[in-house]
Amino acid sequence: LARAPSSGALGRRLITGSAPVGGPLGDGRTCETGGVRPDREAILARYPFPLDRFQLDALDALDDGRHVVVAAPTGSGKTVVAEYAIEVAVREGLRSFYTAPIKALSNQKYRDLSQVYGDDGVGLLTGDNSINGEAPVVVMTTEVLRNMIYGGRDLSDLAAVVLDEVHYLQDAYRGPVWEEVIIHLARSVQIVALSATVSNVDELA
């Protein structure tokens, strides 16, 4: 458990999962654990601002091979943690998925990530669009990922999944989709869960 200094209910908080990811990937590789990545400084060079403590704590957890839940107000920089996990996967020659609950958010993240990795490097899978679904980075609705898992898709080269708006877990109708994704993803896949409104972050982690 790691926290940044907080000042009330909207304070920035990071909770790390208790179990290392570890485990083999599809081609026999294993996730590295322990210590800061030697290329972290190069990865963070794109940001024109110093990172906050909660962001650095989250990156430490990811470098240690752990899943993370980041609960912080909108606009405070949760996405930096997600982008770090995605960039690490790209540098390792593996894939990453960014999932969102609504198509509009998926479309926006697709545009954002395409500016970084180019149109060939990013895909989009929603009910309305199917663009470059085999790209190294794919943005999709959470239901699409659930259907991939149940459909037996080969995800052996998947390194990280971002679950944006993870508080949808508490939704009576759509919450089971998030539960199924978390339960059925391979242990070798790092989960980065983001939310500005989740109230029981300790229990969730």
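Which residues in α5 are buried? In this predicted model, the buried residues of α5 are Thr142, Glu143, Val144, Leu145, Arg146, Met148 and Ile149. The protein has 205 residues, of which buried residues make up 50%, and its secondary structure comprises seven helices and nine strands. Among contacts with a separation of 6 or more, 67% join residues 24 or more positions apart.

**Helix α5 and its surroundings**

- Helix α5 spans residues 142-150, and seven of its nine residues are buried, so the helix is largely enclosed by the rest of the structure.
- The packing partners of these buried residues are the strands β4 (95-100), β5, β7 and β8 (158-163), together with helix α6 (175-184).
- After α5 comes glycine 152, which has a positive phi near 75°.

**Nonpolar cores**

- The largest nonpolar core contains 31 residues, and the members that touch the most others are Leu62, Val81 and Val192.
- Helix α3 (residues 78-91) supplies the largest share of this core, namely seven residues.
- Beyond its neighbours within four places in sequence, leucine 62 contacts Val68, Val81, Tyr84, Ala85, Gln190 and Val192.
- As general background, nonpolar side chains in soluble globular proteins tend to be buried together.

- Strand β7 (residues 137-141) runs parallel to β5, and four bridges join the two.
- Strand β6 (residues 130-131) runs antiparallel to β5, with two bridges between them.
- β5 and β6 form a hairpin, in which four residues lie between the two strands.
- Leucine 125 takes part in both pairings: it stands opposite methionine 140 in β7 and opposite serine 130 in β6.

**Packing of helices α3 and α4**

- Helix α4 covers residues 103-117 and packs against α3 at an angle of about 50°, with the axes 13 Å apart.
- The two helices, α3 and α4, are therefore oblique to each other.
- Their crossing, that of α3 and α4, is right-handed.
- From α3, the residues Thr79, Glu83, Ile86, Glu87 and Val90 meet Lys109, Leu113 and Tyr117 of α4.

- Threonine 99 lies in strand β4 and counts as buried, because its relative accessibility is 0%.
- Leaving out residues up to four places away in sequence, threonine 99 touches Met140, Thr142, Leu145, Val161, Val162, Leu163 and Asp164.
- Lysine 103 belongs to helix α4 and has a relative accessible area of 36%, so it is partly exposed.
- Apart from residues up to four places away in sequence, lysine 103 touches Thr126, Gly127, Asp128 and Thr141.
- Threonine 141 is 38 residues from lysine 103 along the chain, yet their C-alpha atoms are separated by 6.7 Å.

- In general, most residues other than glycine have a negative phi.
- Asparagine 132, although not a glycine, has a positive phi of about 50°.
- The location of asparagine 132 is the loop between β6 and β7, and this residue counts as partly exposed because its relative accessibility is 32%.
- Glutamate 165 is likewise not a glycine and has a positive phi of about 55°.
- Glutamate 165 is in the loop between β8 and α6, and its relative accessible area of 24% makes it partly exposed.

Definitions and conventions
Residues are numbered from 1 along each chain as its sequence is written. This is a predicted model: local features need pLDDT of at least 70, side-chain atom pairs count only at pLDDT 80 or more; totals for chains, interfaces and linings use all residues. Side-chain values use heavy atoms; hydrogens and water are left out. A nonpolar core is a set of buried Ala, Val, Leu, Ile, Met, Phe, Trp, Tyr and Cys residues joined through side-chain atoms within 4.5 Å. Buried means under 20% relative accessible area, exposed over 50%, partly exposed in between (1.4 Å probe, protein chains only). Contact means heavy atoms within 4.5 Å. Two strands pair if DSSP finds at least two bridges between them. Axes are lines fitted to C-alpha atoms, for helices over the stretch in contact, and angles run from 0 to 180 degrees between N-to-C directions. Angles under 35 degrees count as roughly parallel, over 145 as roughly antiparallel, 65 to 115 as roughly perpendicular and the rest as oblique. A crossing is left-handed if the near helix is turned anticlockwise from the far one by less than a right angle, and right-handed if clockwise.
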